[in-house]
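Thanks for making the time this morning. I would like to walk you through one model, and I will give the criteria as we go.

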Amino acid sequence: MSGNGTTPVIEVNGLVKKFGDKTVVDHFDISVPKGAIYGFLGPNGSGKTTTIRMLCGLLTPDAGSGTCLGYDILRQSDNIKEHVGYMTQKFSLYEDLTIRENLDFMARMYRVKDRKRKVDAALEDLGLANRSHQQAGELSGGWKQRLALAACLLHQPDLLLLDEPTAGVDPKARRDFWDEIRRLSDDGVTVLVSTHYMDEAIQCDNIAYIAYGKKLIDGPARKIPEMVGLATWRVEGPDLAELATQLHGKDGIEQVARFGSALHVSGMDAQKLEAAIKPFLKDKRYTWKQQPAGLEEVFIHLMSGSTDNFAAGQEAA
Ligand SMILES: Nc1ncnc2c1ncn2[C@@H]1O[C@H](COP(=O)(O)OP(=O)(O)OP(=O)(O)O)[C@@H](O)[C@H]1O
């Protein structure tokens, strides 16, 4: 579900956060429709976590204003927290408490009514009813993440904030996790998720790409490739690794990425790209086809800009 034209769940303008003399979030605006899965993408240190924390009232912005779930982010953070489920980057439950104790503790924190039944139901849904007395610290990464999600859903939040929720989790557990996120979104829960993974980014309805604390691109996921304007050719044939080596670094070719049995060769200047590819078209072992850039190559393009924002220095912004 990607929004239904009602009042946005999050609507903020001009958010700024500074730590010392470093501007970590720089005039950030966003409007998040109800039920949307909104992806925050960007290199390490680009300000995603800081932005998420300001949106739910955990951190006070130095400038800017807005609402989250209809509450003022500056003055009504307690109301916001009651209706938000926030899954932090690091496992934030108690490793030396049992699975049940962790859920029970969270349910008490949120003053969940009919606590025992809700905790039992969560354990059942998780498939952990038989292991409820096991310490949370003994769980694998994937199970810890499912437990953390279950814990932040106990109070039935309207908005889920997920900060790199599947870092270090295997692909099968990631897929299961995303099936659950999609189900929640279909039920009207709005989800804001920061991620580094491409396979997660393509699951999002909307995407904001953030670098150096600034939002560079923002829009419906299906429109992002057009907005970025990357030109792409697809090539199939033998010895793709060798071909990739030959293509790399040619003027006009900014990116060569392997997609299954093909290479996607991309550049921002369509004419330069075509000129760079022209000599290769003579080799009849290869089939070349021009095609619109997909989200995946666009993300590779965006993410390859920088690996760590602030480590590289803000002057690059
Ligand atoms: N409390 C703080 N005090 C000082 N600097 C901070 C604080 N919190 C974050 N920062 C800095 O602000 C910048 C943005 O950090 P933030 O965690 O918001 O980025 P991020 O995009 O979530 O990064 P990552 O993807 O690595 O989690 C980083 O340079 C970080 O070191």
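Predicted model: local features only at pLDDT ≥ 70, side-chain atom pairs only at ≥ 80, totals over all residues.

Let me start with a pair of strands: strand 4, residues 63-68, is joined by two bridges to strand 5, and the two run antiparallel; strands here are DSSP runs of E with at least two residues, helices are runs of H or I with at least four, and both are numbered from the N terminus. Within this pair, cysteine 68 has tyrosine 71 of strand 5 as its bridge partner.

Residues are numbered from 1 along each chain as its sequence is written.

Now to helix 1, residues 48-55, which gives the most to the shell around the ligand, namely three residues. Of the twelve residues in that shell, the nearest are Phe19, Asn44, Lys48, Thr49 and Thr50, near meaning that the C-beta atom, placed from the backbone, lies within 6 Å of the molecule.

How enclosed is helix 1 by the rest of the structure? Six of its eight residues are buried, so helix 1 is largely enclosed; buried means that 20 or more other C-beta atoms, placed from the backbone, lie within 10 Å of the residue's own. Lys48 and Thr50 are among those buried residues. After the helix comes glycine 57, with a positive phi near 85 degrees.

Notes: Buried ≥ 20, exposed ≤ 12 C-beta atoms within 10 Å, placed from the backbone. Pairing = 2+ DSSP bridges.
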